[in-house]
Amino acid sequence: MCGIVGLFLKDKSLEPQLGALLSQMLVIMTDRGPDSAGIAIYGAPQSGKSKITVQSAASETDFASLQADLAKGLDSEVDVKIKNSHAVITLDATKVAEARALLSTLRPDIRVMSSGDTIEIYKETGLPKDVVSRFAVNAMAGTHGIGHTRMATESAVTTLGAHPFSTGADQCLVHNGSLSNHNNLRRELKREGMSFETENDSEVAAAYLTAEMAHGQNLGAALDNAINDLDGFFTFVVGTKSGFGVLRDPIACKPAVMAETDQYVAFGSEYRALVNLPGIDTARIWEPEPATVYFWEHEHAA
């Protein structure tokens, strides 16, 4: 099962509504996966700054004095905004790698959900309505985002096992399906220097795309390569700093529907996820073809 949604905005006037629109889409997909839920929001960049979104099961303890401790350790200005069990750390873009290493020492139980110039990921066990409420996603603005509600089949129901998975800066993936060659791919990717937090097959798919883009491919080319390199059943929705992509396996047994207007491109596991979007009555609606890459970038959104 699992339910996936995605929304890529072309019209800047809709950007203040991104979180609200995406949250509503995800909540509608609740019955496709009640185990856990997550959402990635791509917001406006801040010049010279990057963000690290982290999660803690003991947030009151782990987030106490985190801002001061990081600022001291990095000898640099740091801002920490706490959102329930998550916190968004904003810092100098050149300090991200150093900050991640420092976090593992200062707060070893903290887990990094995402890092990059624009991305924030919020995910926890529980129903979508509770997750989006917990992190006030409805109030978030942005340019594009993706969401997932999970029915676990390949690994335990945990926060780290929830989607989206982020394995590179400003990159994330949500997945409905299962991969049959993920163990072999994980070993190959580890040899390339990739690291993994879970045994989830979807994290391997995310890492595969990260590795492909690290080799110079854009999102569209990386997804195209995935058709031959990934075995199993899958529907992927992927986000990058400027892009939004969709791919189904050659059999395409997992449901998917897309809509496009002059204002946005939207994805849902089922059409009902899209019915409340503005202008949906006049949108171009289609089912994405098997083994066909669809992707949009903000520089080429028209």
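**Charges and contacts in a predicted model**

User: Which residues does Asp 170 touch, leaving out those up to four places away in sequence?

Analyst: Asp 170 touches Tyr 42, Ser 115, Gly 116, Asp 117, Thr 118, Ile 119, Gly 239, Thr 240 and Lys 241, with residues up to four places away in sequence not counted. Please note that this is a predicted model.

User: Where does Asp 170 sit?

Analyst: Asp 170 is placed in the loop between strand S9 (165-168) and strand S10 (171-179).

User: Which side chain of opposite charge is nearest to Asp 170?

Analyst: That is Lys 241, at 4.9 Å. Asp 170 has no salt bridge, although Asp 170 is buried.

User: How many salt bridges does the structure hold?

Analyst: The structure holds 14 salt bridges. One of them joins Lys 51 to Glu 120, with 2.9 Å between the closest N and O atoms. This pair links distant parts of the chain, as Lys 51 belongs to strand S3 (residues 49-55) and Glu 120 to strand S7 (residues 119-125), 69 residues apart.

User: Are Lys 51 and Glu 120 buried or exposed?

Analyst: Lys 51 is buried, and Glu 120 is buried as well.

User: What about Arg 107; which side chain does it meet in a salt bridge?

Analyst: Arg 107 meets Asp 69, at 2.9 Å from N to O. This pair also links distant parts of the chain: Arg 107 is in the loop between helix H4 (96-106) and strand S6 (111-116), whereas Asp 69 is in helix H3 (residues 66-74), 38 residues apart.

User: Why does Arg 107 count as buried, and why does Asp 69 count as partly exposed?

Analyst: Arg 107 counts as buried because its relative accessibility is 10%. Asp 69 counts as partly exposed because its relative accessibility is 26%. The cut-off matters here: buried means under 20% relative accessible area, and exposed means over 50%.

User: Which residue does Asp 130 pair with?

Analyst: Asp 130 forms a salt bridge with Lys 129, where the closest N and O atoms are 3.1 Å apart. Asp 130 is partly exposed at 38% relative accessibility, and Lys 129 is partly exposed at 46%.

User: Which residues are linked in a network of salt bridges?

Analyst: Asp 31, Arg 32, Glu 270 and Arg 272 are linked in such a network.

User: What separates the C-alpha atoms of Phe 63 and Asp 262?

Analyst: The two C-alpha atoms are separated by 42 Å, and Phe 63 and Asp 262 are 199 residues apart along the chain.

User: Last one: is Thr 159 buried or exposed?

Analyst: Thr 159 is buried, with a relative accessible area of 14%. Thr 159 lies in the loop between strand S8 (144-150) and S9. Aside from neighbours within four places in sequence, Thr 159 is in contact with Gln 55, Met 113, Lys 123, Glu 124 and Thr 125.

Key. Residues numbered from 1 in each chain as written. Predicted model: local features only at pLDDT ≥ 70, side-chain atom pairs only at ≥ 80, totals over all residues. Heavy atoms only, no water. Helix = DSSP H or I, 4+ residues; strand = E, 2+ residues; numbered from the N terminus. Buried < 20%, exposed > 50% of the residue type's maximum accessible area, 1.4 Å probe, protein only. Lys, Arg positive; Asp, Glu negative; His and termini not counted. Salt bridge = Lys/Arg side-chain N within 4 Å of Asp/Glu carboxyl O. Contact = heavy atoms within 4.5 Å.
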